[in-house]
Amino acid sequence: ILLNNPNVDSGSGRNLGIKKSRGEFIVQLSGHTAADKNLLKVLVGKLAKADKNVGAVGCEHRTPADAGFLSKVFGTVMGSWLGGFGTSQIQPTKEMFVDSLSFCAFRKKVLLEVGLNDPKFKVGQDAELNIRIRKAGYKFLYTPKTFVWYYKRSSFSGFFAQMFRYGWGRAKMIRKHPDT
């Protein structure tokens, strides 16, 4: 179904979708991603079989072959320790528990328990949501068995503007969650 999002921000839009959903699992993607053909089968399948203390299952992020040179460079940087050691940008080669995920499948009951996306966050909503999920005692499972194509910015100015917004988002997150 198509839903009207009068607030015109992604957090509010995601929350509308979650509230209208009827399923047990929620998969959140973004406009700058494209899903592997097996994404839903793998993520939801692993989450359905996982212990109840696993709140979400996420996957690898790949830079598409048709992305420009700078997008590929930015993807390489984001996947290194320069891009966020301990974040979902680092791509393990084996299935393991991690601190944070993006582009993943959640248990809907976990989202309803900890609260939905905080629309005050224009960037970093997934990281802020992950903090609340982790604080509630749930784990995040990463699997390299599927992936999303993640389109990075294709210019220096676009990339640095995005990183600046991420920095402001992180500062806002630290104010909300000073123990992180």
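Modeller: D51 lies in the loop that joins helix 2 to strand 3, the latter spanning residues 54–62. This is a predicted model, and what follows should be read as such. D51 has a relative accessible area of 57%, and because the cut-off for exposed is over 50%, D51 counts as exposed. The C-alpha atoms of D51 and K139 are 9.5 Å apart in space, although 88 residues separate the two in sequence.

Helix 2, on one side of that loop, covers residues 39–49 and contributes at least two residues to the lining of the second largest pocket, as do helix 1 and strand 1. The space in this pocket amounts to about 240 Å³. Its lining includes L40 and V44, together with R14, G17 and I18, then S21, and the run F25, I26, V27, Q28 and L29. By class, 7 of the lining residues are nonpolar, 3 are polar and 1 is charged.

Helix 1, one of the elements behind that lining, runs from residue 10 to residue 20, and its buried residues are G11, S12, R14, N15 and I18. These residues lie on the same side of helix 1, because they cover an arc of only 160° around the axis. In an α-helix there are 3.6 residues a turn, so residues three or four places apart point the same way. Among the elements covering the buried residues of helix 1 are strand 1 (25–27), helix 4 (108–114) and helix 5 (125–135). At the start of helix 1, D9 brings a side-chain oxygen to within 3.2 Å of the backbone nitrogen of G11.

Helix 5, part of that cover, is where N130 is found. N130 is buried, because its relative accessibility is 0%. Its side chain makes a polar contact of 2.9 Å with the side chain of S100. Apart from neighbours within four places in sequence, the contacts of N130 are S100, L101, F106 and F140.

K172 belongs to helix 6, residues 156–176, and is partly exposed because its relative accessibility is 32%. Beyond its neighbours within four places in sequence, K172 is in contact with K120 and F121. By C-alpha atoms, K172 and A105 are separated by 25 Å and stand 67 residues apart along the chain.

Note on methods:
Residues numbered from 1 in each chain as written. Predicted model: local features only at pLDDT ≥ 70, side-chain atom pairs only at ≥ 80, totals over all residues. Heavy atoms only, no water. Buried < 20%, exposed > 50% of the residue type's maximum accessible area, 1.4 Å probe, protein only. Helix = DSSP H or I, 4+ residues; strand = E, 2+ residues; numbered from the N terminus. Arc of directions from axis to C-beta. Contact = heavy atoms within 4.5 Å. Polar contact = N/O pair within 3.5 Å; in protein donor to acceptor, adjacent residues only side chain to side chain. 1 Å grid on protein atoms, 1.4 Å probe; cavity = no way out; pocket = protein on both sides within 12 Å on 5 of 7 lines; lining within 4 Å. Points joined across faces, edges and corners; volume = space filled by probe spheres on them. Nonpolar A, V, L, I, M, F, W, Y, C, P; charged D, E, K, R; others polar.
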